Structures are given as structure tokens and as C-alpha cells.
Amino acid sequence: MDFDLENPLTHLHQLHSDDASLFLTESDHMLSPSYLHTLLSSPSDFAVRRDTVSFISQCCSNSNIDPHLSYLAVNYLDRFFSSQGVPKPKPWVLRLLAVSCVSLAAKMKQVEHNLFDFQGNEGFIFDPQTVHRMEVLILGALKWRMRSITPFSFIPFFISLFKLRDPPLLQALKGRATEIIFIAQNGIELLEFKASVIAAAALLSAAHELFPIQYPCFRKAIINCSYVKKVNTPGGK
């Protein structure tokens with residue numbers, strides 16, 4: 001069974017991830033509090049992250065694969081940098097990190113892939129053994145927690161609170177929220193927030209665009225959600 005970003009805790013004997021478990025577990029996948037500060041205070045570190053994310057995008061565009069795979073690869077990259085620190089800006093290191101994160105994401109998503117297709121025909125080209133060694137380093141840094149809890153994990157839960165009955169409207173809302181989440185990952189502004197907060201914000205932004213009349217009801221539904229109150233509000237109030 002491939003890794004589904006909307007059901008990260010799902011195992012072979014389960015049909016759906018438990019909502020409570022998602023909210024309780026997401027903190028284990030949070031980035032270090034100092035990571036965002038490092039990126040904001042160091043232009044060099046910011047550039048390293050930006051360039052490596054760009055390499056990941058290039059790897060994925062070379063193979064024309066699911067954008068969720070690219071999102072997962074960047075998630076691995078940020079968690080690796082958060083744990084191990086941002087490396088010095090050596091192009092070959094950044095490219096190797098990018099290829100390895102994409103390869104790990106492809107394995108988790110059970111996407112058939114060729115490392116040489118990911119890497120294209122320009123720049124540094126790494127053999128499978130070199131990529132594997134970097135993958136092992138990444139796995140260790142992430143403590144083998146590869147079933148990342150991302151904003152996509154919370155979209156089904158939050159969208160169920162809106163009580164929309166029309167499938168096309170639901171799909172439009174989910175599609176626009178997904179676009180917002182993809183775009184937001186390129187920047188660093190949201191790195192400090194929990195995945196559930198990003199998901200709720202993306203859905204509310206999408207709802208404000210698509211359904212301005214119903215937006216106040218959608219906003220109230222999320223604010224009144226017990227998980228949001230207990231987990232995302234300081235002090236649990």
C-alpha cells in the first residue's frame with residue numbers, strides 16, 4: 001500500500017487514520033523552533049533552502065510526477081535541515097540531497113522511478129550507491145518517521161465540518177485549498193505552524209474566495225472544533 005498524505009497513519013488493517021491520533025501526533029513531525037529563525041537570520045541558509053527546493057522541483061518536473069510527491073520530498077528536506085542544520089552551499093551536496101529526498105518520497109508513494117530520469121542530463125549525476133548512502137543519512141535524521149503528517153492529512157477532517165453536500169463544490173474547495181498549500185511550501189513563512197493550522201487556513205482562504213456568503217459559517221465551524229481549541233490554542237483554551 002502506497003503512502004497516502006491524507007491518511008498518513010493508515011496501515012494495512014485500517015481504513016482511515018484516527019482524527020484524534022492525527023492531532024496528537026502532528027507535534028512529532030514539527031520542525032525545530034530555531035529552524036525558521038535560522039532561515040530568517042541567515043541569507044546564506046535561506047539561499048541553501050531555496051536552491052535545494054528548486055532542485056527538488058527540477059527532479060520532479062524531469063519525470064512529470066504527482067505534485068504530492070514533490071511536496072513530500074520538500075517536507076523531508078525541511079525536517080532534515082531542522083534536525084541536522086543547514087549545510088554549506090555546495091551545489092553537489094544540495095543536488096544530492098534533492099535527489100535523495102525525491103527518491104525517498106517516490107519509494108514511500110510506491111512510484112516506479114529511475115534515478116537518472118530524476119537527475120536529467122545537466123549538472124551532477126549521482127549513481128544509485130551514492131544516493132542510497134544519503135538516503136540512509138536522511139532516514140536516520142528523521143528517525144525513520146517517513147509517514148509525514150502534512151496539511152493534506154487534515155483536509156478531509158476540516159472539510160467535513162463544512163457540511164457541503166454538493167460533490168462538485170466539495171471538489172472545488174478541496175482543489176483550491178490544495179493549490180494554496182502547494183504554493184505556501186515554497187516560502188518559509190508557514191514553517192513555524194502546525195500542519196493542522198495550515199490546513200485550516202488554506203481551507204478558509206479557499207472558502208473566502210469561492211463561497212464568500214457561507215464563509216462566516218465555515219470559519220465558525222473550524223473555530224468551534226474541539227481539536228483546534230485543545231491542540232492549537234495556547235493553554236488548550
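Helix 4 crosses helix 9 in a left-handed sense (the near helix is turned anticlockwise from the far one by less than a right angle). Helices here are DSSP runs of H or I with at least four residues, numbered from the N terminus. This is a predicted model, in which local features need pLDDT of at least 70, side-chain atom pairs count only at pLDDT 80 or more, and totals for chains, interfaces and linings use all residues. Residues are numbered from 1 along each chain as its sequence is written, and side-chain values use heavy atoms, without hydrogens and water.

The axes of helix 4 and helix 9 lie 11 Å apart, at an angle of about 40 degrees; axes are lines fitted to C-alpha atoms over the stretch in contact, and angles run from 0 to 180 degrees between N-to-C directions. Contact, meaning heavy atoms within 4.5 Å, involves Tyr71 and Asn75 of helix 4 and Phe182 of helix 9, among others.

Now the cavity. The count is one cavity of 30 Å³ or more, a cavity being a set of points on a 1 Å grid over the protein atoms alone where a 1.4 Å probe fits but cannot get out, with lining residues having an atom within 4 Å of a point. The largest cavity holds about 340 Å³, the space filled by probe spheres set on the points. Its lining has 23 residues, with Tyr71, Asn75, Pro151, Leu191 and Ile198 nearest the centre. Helix 4 contributes the most, five residues.

Terms used
1 Å grid on protein atoms, 1.4 Å probe; cavity = no way out; pocket = protein on both sides within 12 Å on 5 of 7 lines; lining within 4 Å. Helix = DSSP H or I, 4+ residues; strand = E, 2+ residues; numbered from the N terminus.
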